[in-house]
Amino acid sequence: MPAPSIVRYWRKSKGLYQTVLENVPFNEMQIPVWSNTTAEIYPANASDIKERLTDHLVQPVRFVEELQAMYNDGARIFIEVGPGKVLTGLTKSCLEKDQLTLFVEDNNTNKLTHLLSTLAQYLGTGRSFNIAKLFDGRNAKSIQIDQPELYKKSPAIWRVNGQAAHPTTGSLPVNGALPIINPLQMNNFTQNTQTPVAENQTNTERMLQEYLNSMKMMIQAQRDVMLSFLGQNPQIHQVPVYQAPIQNIPTQNIPAPVVSSPTNDGAEKTVIIPAKQAPTKDIKTLLLQVVSDKTGYPHEMLGMEMDLEADLSIDSIKRVEIIGTLKAELGSFSSNTANEDTIMEQLAGIKTLNGLVSWLTEYSGASNTTEKIGIIETQASTSQAQAGFSLEELQTAILNIVSDKTGYPKEMLGLDLDLEADLSIDSIKRMEIIGDLKTKIGFGGDMEQADDLMEKLAAIKTLNGLASWIHEMSGNAPSEPEQSALSRLRFDLTPTDISLTENTEILHGKRFAITQNDSSQTLAIKNELEKHGAIAELIDSAQDLTNFDGLIILDLFSSSANHNIIDHVDLIKKMDLDKAKWIYLISDIPAHVQELTDTTLLRHYKGHPGLFKSLAREFEQTNCRLISLTSSQQIEQIAEITLKEILTKDKPAEVIYKNDKRHKVDIIPSPLSTGLSEAQIQLDTNSVVLVLGGAQGITSELVKHMSQAYPCTYVLVGRSADPRNHATNSELEAFKTKEEIRAYLIKSGTFTSPSEIEKETIKVYKNNQILRTIRDMEQLGNTIIYQSLDLCDENGLSELINNIYEKYNRLDGVIHGAGLLEDKLFKQKTTSSFGRVFDTKVKPLRVLAEQLRTDCQFVVLFSSIASVYGNKGQTDYAAANSVLDDYANALNKKLKGKVISINWGPWKGAGMVSPTLETEYERRGISLIPLDQGKEIFLNEIKYGTESQVLIMSGNNW
């Protein structure tokens, strides 16, 4: 204790402290607390506790006795909270028993690492704590431990430090990690024949040639170092030297090609392949033959001026198929250098067979009448090729060649490695591998032209796939393709900062068109842009916008002019999209419809997310972006936000400002839990379910599956008339495909033109689907009511819903699966077509939202993956499905039951994916949802799903 004079002051402080504590309310103690003045547990009475606290000011500290008392009462874990570890050391000195002492902060190590280590030691004692508190305020994500494939790293990754490099997959090469004793022997570049310099080359061209030669030598040196490290001899695997093409070679003096072919003793022999003159071919005749084969129409019914889509149902994808077939007959086209999207765009603009002939003539270099092509036929083949190779032998041969081509040792190469992502083997290098295989094992002597192979090779993703494809091409039965697993994903907002920005100088002299309205925000944006040297102009809908660099559309809730999405599409189409750099739309609609007091307010949702994501895919050189503001405070900052978004270098098609932060939509894997004791919906035989678009396509297949589990009354609504009210041909009813129906109609001779046959084919096909759906569901014990109705007729649909309520006094569930596809690139899309596709989805949705009672158990909206990622040629369809997504989130606040929007990926063998589109998806590496698996997922979503929006897709590519 201090001196007596000082003690008097401390005792006076005790009285002051006691006066303060008298007005402080104390609750009963929840956990025991030891006093360091008495070395005992605090008393339970509030007045005694206050007395003990004031004694602390004048009584000595009995720290040692306090610790020993705690130990005797059973305390075994002592945790020091706060900076440093002084008390931890004192505790160890005082007890020296079997206690565990922990401290939460150590200045000598990483503080976060030490804290986590401390918590881990505490958990190791068998106790627990609320671990969620660790992640409060942090941008953390939960890891799905039971789905390790979500975090799988590339097996081609090496672990590298300053001393060594080791592969993460496979073993280290035999020669790897050994010290280099002797200098590496580099290739002798002086022996490589350099590209001769043409006399007419300019100084610039000569300088470029020298630069390319230097780069080639540097790359060769790097290659030699890596091959030596991997245990291979660089001298054996020389890089071929590029030779400039020799100009003006007379075609009549082209020598026969020479290739190497292996002999039985392993040596190579030279085989000369003679060229044979092909017969003369007429492009027009060939085209008619191919179109006849593809459509089933005889030659005499095909007119050269027939509309490809309206008369013959030949869409742009089928046009690509026709072109591919013609390439096999005519050889390569000069359009090979054009990319796939350019060719698709050109073909989409061709309307007639005559137009197709003109396109073929231009790109094949032929006249309009005849074309002579030299066809090379291989005369030699090895006995081993004739005997055929097993799949295992092919896999071994491929591994050997890929090892030579890439430098990876064979023990590092897995057959399921991704050719592009893991091994950087693109479709061109795949052609090189195929060429080596043809030389070494002699397969595929009668295969298609190389240009046709390119499309097939581009779709192959793994070495296993390559081996299986070669096995099939060699005349063996194809193996069953591996089906990608179905993914279920949910949506969340993730903060995202503007990382890199351009200098404001890029705005100098740039012209911006800004839509007019009566708000101050318009002028604020205009003034902000002009402050930085831009030329900003307020425009109206009739103005020509081709000379503007940017377009800013304001979609504000407070605006007196209520524009729809067609108005915005019209404005965007007025821009020169090959030149424009910015197409932005700023909307504050989310800020005003979050509190759903009036369902009609949802009509402000226009589908902008899907529209802009699709525009971004079609016009990659243009920044197409939707900026959504979710609070009135952000609306006041609209000019500042607009400038930042224009200057940012990142290119998200949609950003959301919420709580003063910039967000993006994140897609998160979310497996569905089906372990609930009972389903969330309760349907019995008296229940009534309304299905829009439910008699055809994928919707009918899913509803049939649901009706098997929940037999009740289903009201199916579709545009087609009820086929049961009309006499039908029993033979036609048996057909399930359009091809079968078309062939029957052509053979019958009832119709004289392809356009008439196409119309009748579509009509019969729809009727057959409706009849099968009704009969199948009735056989399952359901009561089926089919109602013919144009779903764009809002009054008609409102009347139907009212009639259902009057007749049954209930409507337990709704499935909205109606939809329409009229895919075209944005430049070729008309606003009338856009409106048809958009209204087919959106108009019935608006009626449902405004007419359904709150006791409806479920509403399922069939949306599309196109609204999530966007899709070329589907700006209208993606926009319509975005409206479904927005409505689902809002309607969950109104209805007592669940409302869910399911963003389906493409389906296999059903839905809107035609056989030709299936082929196109396969070529692009996009997996399709198998019907049987999709049925179960649909039913489980209705029964157990809790989110308002989920994405269901096969694989992970789109």
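**A strand, a helix and a strand in their setting**

A: The secondary structure of the protein comprises 31 helices and 23 strands; both are DSSP runs numbered from the N terminus, helices being H or I over at least four residues and strands being E over at least two. The model is predicted: local features need pLDDT of at least 70 and side-chain atom pairs count only at pLDDT 80 or more, while totals for chains, interfaces and linings use all residues. Residues are numbered from 1 along each chain as its sequence is written, and side-chain values use heavy atoms, with hydrogens and water left out.

Strand β1 covers residues 77–80 and strand β2 covers residues 100–103; the two run parallel and are joined by 4 bridges. Strands count as paired if DSSP finds at least two bridges between them. Within this pairing, E80 lies opposite F103 of β2.

What backbone feature is found at E96? The phi angle of E96 is near 50°, which is positive although the residue is not glycine. E96 belongs to the loop between α4 and β2. With a relative accessibility of 65%, E96 is classed as exposed; the limits are under 20% relative accessible area for buried and over 50% for exposed, with partly exposed in between, using a 1.4 Å probe and protein chains only. N809 also has a positive phi, about 60°, and is not a glycine. N809 sits in the loop between α26 (794–808) and β20 (813–816), and its relative accessible area of 56% makes it exposed.

The wider setting can now be described. Of the 958 residues in the protein, 43% are buried. The accessible surface amounts to about 50500 Å², and carbon and sulfur atoms account for 51% of it; such areas come from the Shrake-Rupley method with a 1.4 Å probe, and for residues only the protein chains shown count as cover. Among contacts (heavy atoms within 4.5 Å) between residues at least 6 apart in sequence, 73% join residues at least 24 apart.

Two helices illustrate burial. L21 lies in helix α1 (residues 4–21), and its relative accessible area of 8% makes it buried. Leaving aside residues up to four places away in sequence, L21 touches F26, K50, L53 and T54. The C-alpha atoms of L21 and E51 are 9.2 Å apart, although 30 residues separate the two along the chain. In helix α19 (residues 608–618), 9 of the 11 residues are buried, so this helix is largely enclosed by the rest of the structure. Its buried residues include H608, L611, F612, K613 and E618.

The model has 30 salt bridges, each a side-chain nitrogen of Lys or Arg within 4 Å of a carboxyl oxygen of Asp or Glu. One of them joins K111 and E105, at 3.3 Å from N to O. Both partners are partly exposed: K111 has a relative accessible area of 44%, and E105 has a relative accessibility of 23%. Another salt bridge joins E947 and R488, at 2.7 Å from N to O. This pair links distant parts of the chain, 459 residues apart, with E947 in the loop between α31 (931–944) and β23 (949–954) and R488 in strand β9 (residues 486–495). R488 is buried, at 11% relative accessible area. R724 and D722 also form a salt bridge, their closest N and O atoms being 2.9 Å apart; R724 is partly exposed at 40% relative accessibility, whereas D722 is buried at 11%.

Finally, how many disulfides does the structure hold? The number is 0, where a disulfide is a pair of cysteine sulfur atoms within 2.5 Å. C712 is buried at 3% relative accessibility, and C856 is buried at 1%.
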